[in-house]
Amino acid sequence: MTDSLGVAVIGAGMAGKAHAAAYRAASTVYRPTLPSIRLVSIADINTELGAETAARYGFERHDADWRAILDDDRINVVSVVVANFLHREIVEALLAAGKHVLCEKPLSDSIADARAMAQSARAASDRGVLARIGYSFRRAPGIAFIRELVQSGRLGEILHFSGRYWTDYACRPDAPMSWRYQGGPGSGALGDVGSHLSYVAEFISGDVIEVSGGRFHTSITERPKPLGAVVGHTRGNVSDETAPVENEDYAAFSARFAHGVGTLEVSRVAAGHPTSLMFEVFGSNGAARWDQRHPGEVQVIVHDDDDALTGYRTVQLGPAHPGFAGGWAMDAPGVGVGQNDLFVHQARAFLEEVAGIPESESLPRCATFDDGVHNMEFLAAVAESAAQGGATVTVKEH
Ligand SMILES: NC(=O)c1ccc[n+]([C@@H]2O[C@H](COP(=O)([O-])OP(=O)(O)OC[C@H]3O[C@@H](n4cnc5c(N)ncnc54)[C@H](O)[C@@H]3O)[C@@H](O)[C@H]2O)c1
């Protein structure tokens, strides 16, 4: 196993800081012991933000230009956490320079670029260089537990899945224009949070086969131009001038999966829901549900109980559930788990794979770029369905 790994994060925005914090904490969760992790660089064109983030999370330096990372032999592992349209150029350059890359979702803003990136990832893999994509929810203990219930047959035959990812970052008209509102249909709420929900839906219900009933809607069609840097979901500090919103605030569709059918709905204008990924899966012997607002618990119903006792029960997650025991410093039932923890587990899973720790001793591996392409093909089918007035569209086999 390698003695030490040098890490860099490109992008110090909302999710970039989560990656920086995660690399810092990755050695403190789970076993076996990771190689020593050297926190080397945070790269962001916003130098003030880059400097502040590097100082805050203990990185040695910040770079105004991400290209400074390419030639730095001390850096082995890089997270790419910038706007989706920038992913391809940066990821391909990093892979060519021999850096292991963890790219944020969605893989890109276009399928053509995503496919090219997957091709670059395969070529890099032949040289022992890893390219992975972060779908952090796959390691949420509640979601992993429900997947186990499904796969073990405990819920019986899976009949249907109902999932929503409601957010409210765009519900106020003074949320400024940013990269999130630019790009074609499907690159709005669907690409942003629908990439997570669709990934979770397949994680639970198996591969998607076809989608139908696609509907997109843009509620706020113009946004004010920002007067300063826009980071994450910041609001205010806007000009009187506006620019057109190019993609959807809302998307809904139904789908047929390998196991059952379902409906999925995403929104960035759902007031009161800063980030609410929630789903319910129904089987012939019970059902289960998970809600991001209460991520330390799941609700389960199984029909094995007496009729008089049959009903949803709330189960507090703990060491009996996947990914919990030996994970946190305090891994007792009921201590909970939050979205920031999922970034730590994701960073750890990636570092374990880079370090050559066998899969059997590691957290579940991160997804591949081929998985990232499939996810984009799934979402592109939804966009095609919406463009064709809700027609049924087959999704290419995974
Ligand atoms: N997994 C998750 O839960 C999650 C959550 C949020 C965002 N994301 C993903 O993370 C990525 C970034 O999203 P965000 O919300 O952090 O965006 P953001 O707008 O908050 O931050 C992006 C950062 O990139 C910087 N930047 C822009 N151009 C750059 C360049 N050429 N070189 C270096 N830095 C540059 C900006 O200055 C900004 O600080 C996206 O792909 C998004 O989909 C994932």
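Student: How do the residues of the shell around the ligand divide into nonpolar, polar and charged?
Tutor: In this predicted model, 13 residues of the shell are nonpolar, eight are polar and four are charged.

Student: Which of the 25 residues come nearest?
Tutor: Gly 11, Gly 13, Met 14, Ala 15 and Glu 104 come nearest to the ligand.

Student: And which helix gives the largest share of the shell?
Tutor: Helix α1, residues 14-25, with three residues.

Student: Where does the ligand lie relative to the domains, and why?
Tutor: The ligand lies between domain 1 (4-136) and domain 2 (141-333 + 375-387), because both give residues to the shell around it.

Student: What does UniProt place at residues 6-126?
Tutor: An unreviewed UniProt entry has the feature "domain: Gfo/Idh/MocA-like oxidoreductase N-terminal" there.

Student: What is the helix and strand content of residues 6-126, and how far apart are the end C-alpha atoms?
Tutor: The span is 40% helix and 21% strand. Its end C-alpha atoms lie 22 Å apart.

Student: Changing topic: at what angle do helix α7 and helix α9 pack?
Tutor: Helix α7 (residues 194-205) and helix α9 (residues 369-387) pack at about 105°, and their axes are 10 Å apart. That angle means α7 is roughly perpendicular to α9.

Student: Which residues make the contact?
Tutor: From α7, Gly 194, Ser 195, Ser 198 and Tyr 199 take part; from α9, Asn 375, Phe 378 and Leu 379.

Student: How many of those are nonpolar, polar or charged?
Tutor: The contact of α7 with α9 has three nonpolar and four polar residues, and no charged ones.

Definitions and conventions:
Residues are numbered from 1 along each chain as its sequence is written. This is a predicted model: local features need pLDDT of at least 70, side-chain atom pairs count only at pLDDT 80 or more; totals for chains, interfaces and linings use all residues. Axes are lines fitted to C-alpha atoms, for helices over the stretch in contact, and angles run from 0 to 180 degrees between N-to-C directions. Helices (H or I, at least four residues) and strands (E, at least two) are DSSP runs, numbered from the N terminus. Angles under 35 degrees count as roughly parallel, over 145 as roughly antiparallel, 65 to 115 as roughly perpendicular and the rest as oblique. Two residues are in contact if their C-beta atoms, placed from the backbone, lie within 7 Å. Ala, Val, Leu, Ile, Met, Phe, Trp, Tyr, Cys and Pro count as nonpolar, Asp, Glu, Lys and Arg as charged, and the others, Gly among them, as polar. A residue is near a molecule or strand if its C-beta atom, placed from the backbone, lies within 6 Å of it. Domain bounds come from an automatic or database domain assignment. UniProt positions are given in the numbering used here, feature names are shortened, and annotations may be inferred rather than shown by experiment.
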